Amino acid sequence: MLKAIQISGFVTQRWSWRPSVLISTNSKPFSSLFKLLPITTIDSSISTLPRPPIMSFHASSTPQPPSLHSAGNVKNIKFCQWCGGQTKHDIPDGEERLRAICTVCGKIAYQNPKMVVGCLIEHDNKVLLCKRNIEPSHGLWTLPAGYLEFGESAVEGAIRETREEANADVEVISPFAQLDIPLIGQTYMIFLAKLKKPHFSPGPESSECQLFPLDDIPFNSLSFSSMVVTLSLYVEDIKAGKPKFHYGIINKRPGTSPSDIHAYTLDHHMHS
């Protein structure tokens, strides 16, 4: 589970890059009508599925300044993690970013993004969501997901998180989405999965677990923008007839809360 401090069958199809598709970051009230903009011609015989909040996924050609690509403040690192010596803050030779450099042993403290892994579980045309029992986003709905641990693969981590948060044993089917969030230093890897047995219940970090039909997904009370993006893409794919593999960059607006699910754009969206 994400806390305050979110294989088989890899896709081999041709990638397509969609420069302007789904998600505006306007702050319409949750009660406003939802509309999902189609990205492909859809057979009119397909029944209408839920319509998540209007959002505008688009590709940005303007590179972000390096300062926006760091989730942590390097100046908060005042002591060396190896020898305990005081650090200075400088740009090492041959590098471009400010680093914390130990004044005693000379070692450099590098800050690296964290990987969040989880499962989008399909069962009887429904998806399994957990209501968070911890901050941030307490009381909001999420896919079972959390930080990858050392010594486990992304698939193993996603299965473990699902077991911890929903007491559910799952079989991973395929990767579904990789979503990078540079501003907060996170990369999400979400896998499609199915229940081995139709049994689940809340773990310690969840207050409820529930299977939602696609037209009942609570888009107005999801925990993070990554959940909005993942579930919106999934609904869109099911409506089009087949899940794809998606990659995109969620660019959060500086200074916004992790639970502000509208303060972002999805840039450089590609899919198989």
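The side chains of R160 and E161 meet in a salt bridge, with 3.0 Å from N to O; a salt bridge here is a side-chain nitrogen of Lys or Arg within 4 Å of a carboxyl oxygen of Asp or Glu. This is a predicted model, in which local features need pLDDT of at least 70, side-chain atom pairs count only at pLDDT 80 or more, and totals for chains, interfaces and linings use all residues. Residues are numbered from 1 along each chain as its sequence is written, and side-chain values use heavy atoms, with hydrogens and water left out.

**Overall architecture**

- The protein contains 2 helices and 13 strands; helices (H or I, at least four residues) and strands (E, at least two) are DSSP runs, numbered from the N terminus.
- Of its 272 residues, 46% count as buried, where buried means under 20% relative accessible area, exposed over 50%, and partly exposed in between (1.4 Å probe, protein chains only).
- The accessible surface of the protein comes to about 13,900 Å², and 52% of that belongs to carbon and sulfur atoms; accessible areas come from the Shrake-Rupley method with a 1.4 Å probe, and for residues only the protein chains shown count as cover.

**Helix α1**

- Helix α1 spans residues 154-166, which is 13 residues, and reaches 18 Å from its first C-alpha to its last, close to the 18 Å expected at 1.5 Å a residue. The expected span is 1.5 Å times one less than the number of residues in the helix.
- The buried residues of α1 are V155, G157, A158, R160, E161, T162, E165 and A166.
- Cover for these buried residues includes β5 (114-123), β6 (126-132), β8 (145-147), β9 (170-181), β10 (186-195) and β11 (206-213), with contact taken as heavy atoms within 4.5 Å.

**Salt bridges**

- A search of the whole structure finds 6 salt bridges.
- An α-helix has 3.6 residues a turn, so residues three or four places apart point the same way.
- E164 counts as partly exposed because its relative accessibility is 36%.
- E152, R160, E161 and E164 are linked in a network of salt bridges.
- Elsewhere, K244 and D237 meet through their side chains in a salt bridge of 3.6 Å, N to O, and both of these residues are buried.

**Cysteines**

- The count of disulfides is 0, a disulfide being a pair of cysteine sulfur atoms within 2.5 Å.
- The sulfur of C83 lies 3.5 Å from the closest cysteine sulfur, in C102, which is too far for a bond.
- C130 is in no disulfide either, as the nearest cysteine sulfur, that of C209, is 3.6 Å away.
- C83 is partly exposed, with a relative accessible area of 42%, whereas C130 is buried at 0% relative accessibility.

**Backbone features**

- Most residues other than glycine have a negative phi, and most peptide bonds are trans.
- A cis peptide bond joins E135 and P136, with omega about -5 degrees; P136 is found in the loop between β6 and β7 (141-142).
- S137 has a positive phi of about 65 degrees although it is not a glycine. S137 is found in the loop between β6 and β7 and is buried, at 6% relative accessibility.
- N167 follows α1 and has a positive phi of about 45 degrees, although it is not a glycine. N167 is found in the loop between α1 and β9 and is partly exposed, at 40% relative accessibility.
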